[in-house]
Amino acid sequence: MIRAFFCISEIVLFLVLGLPLLGVLWIWKQFDSKRASELGQRCGAGALRLITRTALGREKLTVRGLEHIPEEGGVLFVSNHRSFFDIITSYPVLPKQTGFIAKDGLWKVPSLRRWMQLLNCQFLNRRDIRQGVEVIKRAAELTEKGTSVWICPEGTRNPNPDNTTLLDFHEASFKIAERSGCPIVPVAFYGTDRLWEAQFPKVRPYPVTIEFGEAFTVKELGPEWKKKTGAYTAARIREMLVQEEARRLHGGT
C-alpha cells in the first residue's frame with residue numbers, strides 16, 4: 001500500500017503544483033500550438049517517468065522497436081489495454097507529440113482534463129455514436145497535421161490474467177488511419193496489469209515490456225484485410241505478446 005500511496009501522491013502533486021505551468025502553456029498554445037503541446041508532453045513525461053520508477057522499484061522497463069516509429073508525420077499508435085499503467089509507462093518514451101483517445105470519465109478531473117487537452121487528447125463517449133464520429137474526424141485531422149494519436153481499440157482494460165489474450169478490436173477506431181492515410185504502429189504491453197490491477201489496491205513491482213511493431217498503412221494491406229484492419233493489427237500485437245511470453249519462460253530479455 002505504501003508504494004501505491006506514493007504513486008497516487010506523485011500524480012496529485014503534479015496536477016496541483018503544475019497548475020502555474022499549465023496556465024503558461026495554455027497561453028502559449030494560443031500563439032504556437034505545436035510548440036506548447038510538445039513542451040507540455042515533455043513536462044508530463046517527466047512526471048510519469050517518476051511514477052513509473054516508483055511503481056517498478058528495482059524491476060526493469062524494457063522498450064523495444066522505437067526504431068519502427070516513422071520520424072516524419074503523424075502516426076496512429078494502436079495498443080492492447082491491460083492497465084492504467086499502460087499510458088504512464090509508455091508516454092515518457094514516445095519520440096513524437098501524441099494525444100490519446102480517452103474515455104470521457106477523465107473529463108471530470110479539471111486539472112487532468114486541461115493537461116490532456118493541451119496534449120491534443122480526445123475524449124470519447126462510447127454511448128454517443130455521433131460524438132464518436134466527431135472524435136474520429138478530429139483525430140484524423142491531427143494525424144494529417146503531424147500530431148500522432150494513440151488508441152486502445154479493445155475499448156476497455158482486458159482483465160484476463162493471460163497476458164497474450166486480447167479483447168475484440170473495434171474496427172471503427174481504424175477510420176482514423178483510413179481517412180488520413182497515416183501509418184499504423186502496433187504496440188504490445190506485457191506486465192503492466194501486474195503492477196496494480198492484479199493485486200489492487202496495492203502496487204507491486206513487476207518487469208514491464210513495451211514493444212513497438214513495424215509500421216504499416218491501410219493501403220499496404222491486401223484486399224482480405226483492408227476491411228478488417230483491426231483484426232490484422234490485433235494479430236500483430238498478439239504475435240509480439242506471445243514472443244515476449246516465450247522470452248520470459250526461457251529467461252530471455
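Reader: Which residues does UniProt give for the feature "domain: Phospholipid/glycerol acyltransferase"?

Author: The unreviewed UniProt entry places that feature at residues 75-192. Keep in mind that the model shown here is predicted. Over residues 75-192 the chain is 32% helix and 20% strand, and the end C-alpha atoms are 23 Å apart.

Reader: What does the record list for residues 7-28, and what is the chain like there?

Author: UniProt, again in an unreviewed entry, lists "transmembrane region" for residues 7-28. In the model this stretch is 95% helix and 0% strand, with its end C-alpha atoms 30 Å apart.

Reader: How do you know that the buried residues of α2 line one face of the helix?

Author: Start with the names: the buried residues of helix α2 (residues 19-29) are Leu22, Leu25 and Lys29. Seen down the axis of α2, these buried residues fall within an arc of 65 degrees, so they line one face.

Reader: What covers the buried residues of α2?

Author: The cover includes α3 (33-56) and α5 (110-118).

Reader: What makes Arg114 count as lying over the face of Trp26?

Author: Arg114 is 5.2 Å from the ring centre of Trp26. The distance limit is 6 Å, and the direction is tested too, which must be within 35 degrees of the ring normal. Arg114 is counted as lying over the face of Trp26.

Reader: Why is the pair of Phe84 and Trp196 called tilted?

Author: Their ring centres are 5.7 Å apart, and a pair needs centres within 6.5 Å, so the two rings do pair. Their planes are at 45 degrees; under 30 would be stacked and over 60 edge-to-face, so this pair is tilted. The pair links distant parts of the chain: Phe84 is in the loop between β2 (76-79) and α4, and Trp196 is in the loop between α8 and β7, 112 residues apart.

Reader: Why is Phe84 called partly exposed, while Trp196 is called buried?

Author: Buried means under 20% and exposed means over 50%, with partly exposed in between. Phe84 has 38% relative accessibility, so Phe84 counts as partly exposed. Trp196 has 19%, which is under 20%, so Trp196 is buried.

Reader: Which residues have the most contacts inside the largest nonpolar core?

Author: They are Phe77, Phe85, Leu94, Trp150, Val187 and Phe212, in a core of 29 residues. The elements that give two or more residues to this core are α1 (2-17), α3, α4 (85-90), β3 (98-103), β6 (184-190) and β7. The largest share, four residues, comes from α3. A second, separate core of 24 residues includes Leu76, Val149, Ile151 and Phe216.

Reader: Which residues form one aromatic cluster?

Author: Phe77, Tyr91, Phe100, Trp150, Phe189 and Phe212 form one.

Reader: Why does Glu211 count as buried, and what does Glu211 touch?

Author: Glu211, in strand β7, has 13% relative accessibility; that is under 20%, so Glu211 counts as buried. Leaving aside residues up to four places away in sequence, Glu211 touches Arg64, Pro186, Val187, Ala188, Met240 and Arg247.

Reader: Why is Pro95 called exposed?

Author: Pro95 has a relative accessible area of 58%, which is over 50%, so Pro95 is exposed. Pro95 is found in the loop between α4 and β3. Beyond residues up to four places away in sequence, Pro95 touches Leu66 and Ile69.

Reader: Which kind of peptide bond joins Phe200 and Pro201?

Author: The bond is cis, with omega about 10 degrees. Pro201 is found in the loop between α8 and β7.

Technical notes: Residues are numbered from 1 along each chain as its sequence is written. This is a predicted model: local features need pLDDT of at least 70, side-chain atom pairs count only at pLDDT 80 or more; totals for chains, interfaces and linings use all residues. Side-chain values use heavy atoms; hydrogens and water are left out. UniProt positions are given in the numbering used here, feature names are shortened, and annotations may be inferred rather than shown by experiment. Buried means under 20% relative accessible area, exposed over 50%, partly exposed in between (1.4 Å probe, protein chains only). The arc is that of the directions from the helix axis to the C-beta atoms. Contact means heavy atoms within 4.5 Å. A nonpolar core is a set of buried Ala, Val, Leu, Ile, Met, Phe, Trp, Tyr and Cys residues joined through side-chain atoms within 4.5 Å. Rings of Phe, Tyr and Trp (its six-membered ring) pair if their centres lie within 6.5 Å; planes under 30 degrees apart count as stacked, over 60 as edge-to-face and the rest as tilted.
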